[in-house]
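Subject: Structure handover and notes

Dear colleague,

Please find below the structure I promised to pass on, with its sequence. My notes on it follow.

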Amino acid sequence: MTGEQDQGKRIAACQCGTVTLELVGKPIVAATCYCQSCQRAGAAFAALPGASPVVGTDGGTPYVLMRKDRLVWQSGSQQLQEHRLTPDSPTRRFVARCCNAPVALEFTKGHWLSVYSARLPEAERPAAEMRTIVGDRPSGARLPDDIPNYRTPSGKFMWRLLTAWIAMGFRAPPIERTAGWSG
């Protein structure tokens, strides 16, 4: 991927194309998460009619983390349904009701949105730079050493989040709610 593409715009979309989200600029990081929460949510989503999996065979869920101030819902946000693993969970995932496609995950107090990499066209999908929380991967899942494999969120990962937050003036804007939003 060229630097020019990293600075440009990408469109993330649900499977049927009803829900679209514009991502502007370079991602904070592209990573694959192996935490138990991502695996549990991914299994629940895969059980929905017509849904495509977001968790790989190795137990990892690829994401592109974007600053919230660099996101614009282009269409279909009224089709989004909020999914939380527990009622008091600090994370919520957005699933497009039109085609049961998981679209993104938000740490509600955070300044970023984690967009499922599968929602981006393959040619525009940034390659994962790291794997995180690999200690939670399924038993027997082997990971290559082509990129760093961190057992916990690494210092590099946390540094990227911090520098993005500094660039945002320490703001954590809410994800815009629209008419018809279910959650």
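I start with strand β1, residues 9–13, where strands (E, at least two residues) and helices (H or I, at least four residues) are DSSP runs numbered from the N terminus. One face of β1, made up of R10 and A12, is covered, while the other, with K9, I11 and A13, is uncovered. In a regular strand the side chains alternate between the two faces of the sheet. Strand β2 (residues 20–24) runs antiparallel to β1 and is joined to it by five bridges, two strands being counted as paired if DSSP finds at least two bridges between them. Within this pairing, I11 stands opposite E22 of β2. The hairpin has six residues between the strands, and in it G17 adopts a positive phi near 90 degrees.

This is a predicted model, in which local features need pLDDT of at least 70 and side-chain atom pairs count only at pLDDT 80 or more, although totals for chains, interfaces and linings use all residues. Residues are numbered from 1 along each chain as its sequence is written, and side-chain values use heavy atoms, with hydrogens and water left out. The average pLDDT (the predictor's confidence in each residue, from 0 to 100) is 92, and 92% of the residues score at least 70. Residues 1–5, however, stay under 50, and the model has seven contacts for them beyond four places in sequence, a contact meaning heavy atoms within 4.5 Å. Where pLDDT is low, the predicted coordinates should not be read in detail.

The open sheet consists of seven strands in the order β6-β7-β8-β9-β4-β3-β10, with mixed pairing. Because β6 (80–83) and β10 (130–132) stand at the edges with a single partner strand each, one side of each is left without a neighbour in the sheet. From one strand to the next the twist averages 30 degrees, angles running from 0 to 180 degrees between the N-to-C directions of axes, which are lines fitted to C-alpha atoms, for helices over the stretch in contact. Strand β7 (residues 91–96) pairs with β8 in the antiparallel sense over six bridges, and R92 stands opposite E106 of β8. Helix α2 (residues 36–46) packs on this sheet, touching β3, β4, β6, β7, β8 and β9, and its direction makes about 25 degrees with that of β7. Helix α3 (residues 155–167) lies across β3, β4, β9 and β10, at about 25 degrees to β4.

Strand β8 (residues 101–107) contains A104, which is buried at a relative accessible area of 0%; buried means under 20%, exposed over 50%, and partly exposed in between, with a 1.4 Å probe and protein chains only. Beyond its neighbours within four places in sequence, A104 is in contact with residues including R92, F94, L113 and V115.

The structure holds three aromatic pairs, defined by rings of Phe, Tyr and Trp (its six-membered ring) with centres within 6.5 Å, and classed as stacked with planes under 30 degrees apart, edge-to-face over 60 and tilted for the rest. F107 and W112 are stacked, at 5.8 Å centre to centre and 20 degrees between the planes. The pair of W165 and F170 is edge-to-face, because the planes stand at 80 degrees, with ring centres 5.1 Å apart. W112 is buried at 14% relative accessibility, whereas F107, at 30%, is partly exposed.

Best regards
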